Amino acid sequence: MFTKTQVQFHETFQPQAEYISAVLELACNGYSGTKESISEQTGIPTGKQKGKVVPHLKYAQYMGLLSFTSEGGVYDLKPTPLGERVYMEDPYLLEGLTRLVCNYYLTDKQDGAPQWSYIFHTLPHLLDQPVDCEYLKDRCNAFFGFPVELGVVKNSYQSGMFESLKMLNWSDKALVFNRGFVSKQYMPVYAYTLIDTWERILPGQREVPLPMILNDLGWGAGFGFDEADISMVIDALADEQCVQVNRQLFPVTVIRFARKEDLLSGLYNNLI
């Protein structure tokens, strides 16, 4: 289970793209320093007890962009391969594709930020159907074992970094998970995130039943997809020879061919 510290990692600050961009730049330049020096380098405000530097390091880590260690108050930042590609292609995190990727990993079923992961993967919901906010609050508090503040999550989709993705409509009364639209432009994103998640969670299994991709890998939820959408994407990825679909079995199985390393370089290839 999660501790209060793990759940409240954001310190009530929602993710801001400009701050994620700033710490990613430091990571890509091999930066090590205190949170005060990071603040001086980036302009991200911080204080002795509280501030936005450490929460944004953690946001960037959850988004799969960097990793960091901390010893004696000094933070050693390193970019992930994904972070290096994002920094090369879209250093200011302005593209919708980049924000889609960041949202996918922030909501990851296994390694995402606790509240984001819970809402997208554990909270019972149907696409385009309202979830009562009192029900959401009660279920979330019961899951974590203590009261959880969800305002930060809500604001990140209503007025913050992920507003443009239009994934959630969240009022004071209800939360609606909007159905996503399969986009040819984002097909490299679907390919990379699927294979990466598959290699990470089921490294020894090259063939899995189609329902496992949604239920076990949790792939698709971060894009607003249901099983029909996932099936459509899988067929498209089969045409690209990333996977192969075996329709002679029931349920249909999917065989992994591509490797994430080979897919990462083409992540932005379909952007106009």
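This is a predicted model: local features need pLDDT of at least 70, side-chain atom pairs count only at pLDDT 80 or more; totals for chains, interfaces and linings use all residues.
In helix α7, the buried residues are P114, Q115, W116, S117, Y118, I119 and F120. Seven of the nine residues of α7 are thus buried, so the helix is largely enclosed by the rest of the structure.

F120, with a relative accessible area of 5%, falls well within the buried class, for which the cut-off is under 20%. Y157 is likewise buried, with a relative accessible area of 2%. A search of the whole structure finds 21 aromatic pairs. One of these is formed by F120 and Y157, whose rings are tilted at 45° between the planes and lie 5.9 Å apart, centre to centre. F120 belongs to helix α7 (residues 114-122) and Y157 to helix α9 (residues 151-158), so the pair ties together parts that are 37 residues apart in sequence. Aromatic residues are also grouped elsewhere: Y104, Y105, Y190, W219, F223 and F225 form one cluster.

Helix α8 (residues 133-144) consists of 12 residues and spans 16 Å from its first C-alpha to its last, close to the 16 Å expected at 1.5 Å a residue. Its buried residues are C133, L136, C140, N141 and F144. These cover an arc of only 120° around the axis, which puts them on the same side of α8. Their packing partners are α1 (4-7), α7, β4 (130-132), β5 (168-170) and β6 (174-177). The face turned away from the buried side of α8 carries E134 and A142, both exposed.

Both ends of α8 show local features. At its start, a side-chain oxygen of D132 comes to within 3.0 Å of the backbone nitrogen of E134. Just after the helix, G145 adopts a positive phi of about 90°.

β8 pairs with strand β9 (residues 253-256) in the antiparallel sense, over four bridges. Within this pairing, V245 stands opposite V254 of β9. The two strands, β8 and β9, form a hairpin, with six residues between them.

Terms used. Residues are numbered from 1 along each chain as its sequence is written. Side-chain values use heavy atoms; hydrogens and water are left out. Rings of Phe, Tyr and Trp (its six-membered ring) pair if their centres lie within 6.5 Å; planes under 30 degrees apart count as stacked, over 60 as edge-to-face and the rest as tilted. Buried means under 20% relative accessible area, exposed over 50%, partly exposed in between (1.4 Å probe, protein chains only). Two strands pair if DSSP finds at least two bridges between them. The expected span of a helix is 1.5 Å times one less than its number of residues. The arc is that of the directions from the helix axis to the C-beta atoms. Contact means heavy atoms within 4.5 Å. A polar contact is a pair of N or O atoms within 3.5 Å; within protein, one must be able to donate a hydrogen and the other to accept it, and residues adjacent in sequence count only if both atoms are side-chain atoms.
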